[in-house]
Amino acid sequence: MLNERVRHIKKELLSDNWYTLNKFSFEYQKDDGSWEQQYREAYDRGNGAAILLCNQEKGTVILTRQFRMPTYVNGNEDGMMVEVCAGLLDGDHPEDCIKKEVEEETGYHINEVTKVFESYMSPGSVTEILYFFLGFYEDRMKVSAGGGAEHETENIEVLEYPFEETLTMITDGRIKDAKTIMLLQYTALTGIFNA
């Protein structure tokens, strides 16, 4: 459904280096009926998918750890982030994408995933929608060391934590990644480890 309070949208490409940065000018109709000119920049990196891998029998989850330059330049001392497995769709269906990412990043081969919700992660400046999944793993499903695709220079460390410890890691600041916090809190709220 189109928003009738937005008109005369113009787009100007500012950067197309790593992803795409566009400047939008448009008119927005205020509550009093008048129109005002507004300007916004939007970063388009494509849509993505994220997954929390759970082992109910062991009470554990699989997370990853990798260097994130934007966090490093914004005060994250060593730039390392503990996160759920995630990746950009790159034209794939979200379910297919996340299964591929799981194997590349963690080394686990999983056949089934469950979509639990989707979210705009930074709606004021980034166009991305992230699709969130849960998946279940067993030790026998480990088919490689993981670590990320060779050509993507990700250098991912695969971590296995007791689920309860990850909740403490949120409160003490060891986990600061929004998608990871969202999936861990969803898992806590739904009682997956209490079933």
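This is a predicted model: local features need pLDDT of at least 70, side-chain atom pairs count only at pLDDT 80 or more; totals for chains, interfaces and linings use all residues.
Local features need pLDDT of at least 70 and side-chain atom pairs count only at pLDDT 80 or more, while totals for chains, interfaces and linings use all residues. Residues are numbered from 1 along each chain as its sequence is written, and side-chain values use heavy atoms, with hydrogens and water left out.

Take helix H2 to start with; it covers residues 94–106. (Helices, H or I of at least four residues, and strands, E of at least two, are DSSP runs numbered from the N terminus.) Its 13 residues reach 17 Å from first C-alpha to last, close to the 18 Å expected at 1.5 Å a residue, the expected span being 1.5 Å times one less than the number of residues. Pro94, Cys97, Ile98, Glu101, Val102, Glu105 and Thr106 of H2 are buried (buried is under 20% relative accessible area, exposed over 50%, partly exposed in between, with a 1.4 Å probe and protein chains only). Because they cover an arc of only 135 degrees around the axis, they sit on the same side of H2; the arc is that of the directions from the helix axis to the C-beta atoms. Their packing partners are strands E4 (48–55), E5, E7 (85–88), E8 (113–120), E9 (129–136) and E10 (157–162), with contact meaning heavy atoms within 4.5 Å. Just after H2, Gly107 takes a positive phi of about 85 degrees.

His8 is in strand E1 and is exposed at 53% relative accessible area. Asp90 lies in the loop between E7 and H2 and is exposed too, at 63%.

As for charges, the whole structure holds 16 salt bridges (a side-chain nitrogen of Lys or Arg within 4 Å of a carboxyl oxygen of Asp or Glu). Arg7 and Glu27 meet at 2.5 Å, N to O, linking strands E1 and E2 across 20 residues. Arg7 is partly exposed at 32%, whereas Glu27 is buried at 18%. Lys58 pairs with Asp139 at 3.0 Å and with Glu160 at 2.8 Å. Arg68, Glu83, Asp177 and Lys179 are linked in a network of salt bridges.

Finally, Phe67, Met69, Tyr72 and Val73 make a nonpolar surface patch of about 410 Å². Phe67 belongs to strand E5 and is partly exposed at 39%.

Definitions and conventions. Patches are made of residues with over 30% relative accessible area and no salt bridge: like charges are joined within 9 Å, nonpolar side chains (Val, Leu, Ile, Met, Phe, Trp, Tyr) within 5 Å. Accessible areas come from the Shrake-Rupley method with a 1.4 Å probe; for residues, only the protein chains shown count as cover.
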